[in-house]
Amino acid sequence: LVVGVGGIGREASRLCAEFGMTVIGIDPRLVVAPKWISKLLKPNDLHQELPKADFVVVTVPETPETQGMFAENEFKLMGRNSILINIGRGRTVVLNDLVSALESGEIGGAALDVFEKEPLPSSHKLWSMSNVMLTPHVAGIGPYLEDRRSELFIENCMRFSEGKELLNVVDKSNWY
């Protein structure tokens, strides 16, 4: 289950499909699913899908609507063997609730690249949990990242000079 099928979620879902996973996407704006997503749903379908998911990949941006999106209730809905992966924004997951869910066995594990507070304090329980993998907010780093950024910048400069619509424009009313 990929929650947020923007740029990050689109690529995460493509990679999951490449590994033979059936991918369900949840996104508030996307109307047509990429070919590798078997079903596209809206955010109000999240709770009905959580119990079915082996992996829940969170890639949503941080907005007032997504802050605390994954908390005690959502972890209770997930399966005992399911894994939460957050590669979006830290404040979308309530870490104290996540720790409780991991300690009680409500969910099987977590992989986190982002946290409510960064850097994650060295005294935080997550550091010592055997069912947790932590990375230091580096999930977006990859080959050709600077080239892709430069290409987007150059493309937008040309579009701007020609009076065309720009790519990757932030919608400030949505916070992203």
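1. Where the model comes from. This is a predicted model, in which local features need pLDDT of at least 70 and side-chain atom pairs count only at pLDDT 80 or more, while totals for chains, interfaces and linings use all residues. Residues are numbered from 1 along each chain as its sequence is written, and side-chain values use heavy atoms, with hydrogens and water left out.

2. The overall layout. The chain has five helices and seven strands, in the order β-α-β-β-α-β-α-β-α-β-β-α from the N terminus. Its radius of gyration is 17 Å, close to the 16 Å that the globule rule gives for 176 residues, so the chain is as compact as a globular protein of that length. Helices (H or I, at least four residues) and strands (E, at least two) are DSSP runs, numbered from the N terminus. The radius is taken over C-alpha atoms, and the globule rule is 2.2 Å times the number of residues to the power 0.38.

3. Extent and contacts. Along the principal axes, the C-alpha atoms fill a box of roughly 60 × 35 × 35 Å. Of the 176 residues, 36% are buried (under 20% relative accessible area; exposed is over 50% and partly exposed in between, with a 1.4 Å probe and protein chains only). Contact means heavy atoms within 4.5 Å; among contacts between residues at least 6 apart in sequence, 54% join residues at least 24 apart.

4. The largest pocket. It holds about 1,700 Å³ of space. Its lining counts 46 residues, and Gly6, Gly7, Ile8, Gly9 and Thr59 are the closest to its centre. On a 1 Å grid over the protein atoms alone, a pocket is an open set of points where a 1.4 Å probe fits, with protein on both sides within 12 Å along at least five of seven lines; lining residues have an atom within 4 Å of a point. Points are joined across faces, edges and corners, and a volume is the space filled by probe spheres set on them.

5. Helix H1 (7-18) and helix H5 (145-161) each supply at least two lining residues, with H1 giving the largest share, seven residues. By class, the lining has 23 nonpolar, 13 polar and ten charged residues (Ala, Val, Leu, Ile, Met, Phe, Trp, Tyr, Cys and Pro are nonpolar; Asp, Glu, Lys and Arg are charged; the others, Gly among them, are polar).

6. The second largest pocket. This one has about 240 Å³ of space. Leu1, Thr22, Ile24, Ala53 and Asp54 lie nearest its centre, out of 14 lining residues. Nine of the lining residues are nonpolar, one is polar and four are charged.

7. Leu1 and Val56. Leu1 sits in the segment before strand S1 (2-3) and is buried, at 11% relative accessible area. Beyond four places in sequence, the residues that Leu1 touches include Ile24, Ala53 and Val56. Val56 belongs to strand S4 (residues 55-58) and is buried at 0% relative accessibility. Apart from neighbours within four places, Val56 is in contact with residues including Leu1, Val3, Phe70 and Met78.

8. The cysteines. How many disulfides does a search of the whole structure find? It finds zero, a disulfide being a pair of cysteine sulfur atoms within 2.5 Å. Cys16 is buried at 18% relative accessible area, whereas Cys157 counts as partly exposed at 38%.
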